[in-house]
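Dear colleague,

I am passing on a structure for you to look over.

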Amino acid sequence: MSISKGIALITGSAQGIGRSIALRLAKDGYDIALNDIPSKYSQLRGVADDIDRSGRKALVFVADVTAEEQVKGMVQEVAKDLGGLDVMVANAGVARLLPLISTELKDWERIMNTNARGTFLCYKYAAEQMIKQGRAGRIIGASSLAGKTGIPLTSAYCASKFAVRGLTQSAALELGRYGITVNAYAPGHIQSPMGKSLWKRIHVAHPLLHSG
């Protein structure tokens with residue numbers, strides 16, 4: 001096994017974009033901390049096995065990104081077990097398609113808690129760890145095309161992804177003096193299980209949105 005380029009923690013990495021990010025960072029030479037919720041444990045183990053076979057180290061850390069103590073504890077465990085934290089990818093997210101007038105407060109809170117609150121907690125505790133280490137770092141969050149423009153049936157989701165953009169820009173200005181960069185990626189339609197389902201339903205409800 002070659003010398004590791006660092007340690008990367010990717011939330012929501014059991015499938016989809018998070019899984020792909022984890023596999024790519026492993027290929028690029030990072031040891032990987034994989035995270036998702038308890039119901040995704042078996043999928044996480046599968047990703048960990050794929051990374052292990054590639055010659056890099058991968059450990060699984062089950063935690064809910066909306067729970068502050070779990071996020072704080074996860075970052076501490078990653079640093080202890082793998083030797084620090086150099087890259088945090090706050091990728092975990094949820095979405096639900098609902099018209100604005102049919103969106104209940106519980107729907108709004110679930111989406112905002114995971115996508116905005118969860119990203120904030122990951123940024124906060126990753127930044128604390130990176131500052132303590134004194135070796136700079138990279139923090140990356142999951143925004144979306146829906147964080148740049150409104151899309152029908154996604155009022156709560158759009159709001160959460162716009163929030164990630166604002167959080168990311170503010171964090172970048174604060175943390176740059178420590179050598180920590182903060183960026184967000186904003187994918188459009190991705191052929192992941194969640195992405196395919198969402199965009200199919202949006203297209204059926206609003207066929208002119210994707211015409212021409």
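The largest share of the lining of the largest cavity, three residues, is supplied by α5, where helices are DSSP runs of H or I with at least four residues, strands are runs of E with at least two, and both are numbered from the N terminus. This is a predicted model, in which local features need pLDDT of at least 70 and side-chain atom pairs count only at pLDDT 80 or more, while totals for chains, interfaces and linings use all residues. Residues are numbered from 1 along each chain as its sequence is written, and side-chain values use heavy atoms, with hydrogens and water left out.

On a 1 Å grid over the protein atoms alone, a cavity is a set of points where a 1.4 Å probe fits but cannot get out, a pocket is an open set with protein on both sides within 12 Å along at least five of seven lines, and lining residues have an atom within 4 Å of a point. Grid points are joined across faces, edges and corners, and a volume is the space filled by probe spheres set on the points.

The largest cavity has a volume of about 50 Å³, and its lining includes R96, D107 and Y157; α4 and α5 each supply at least two of the lining residues.

The second largest pocket holds about 160 Å³ of space and is lined by F120, Y123, K124, A127, L167, S170, A171, E174 and L175. Two or more of these residues come from each of α4 (105-133) and α5 (155-175), with α5 giving the most, five residues.

Best regards
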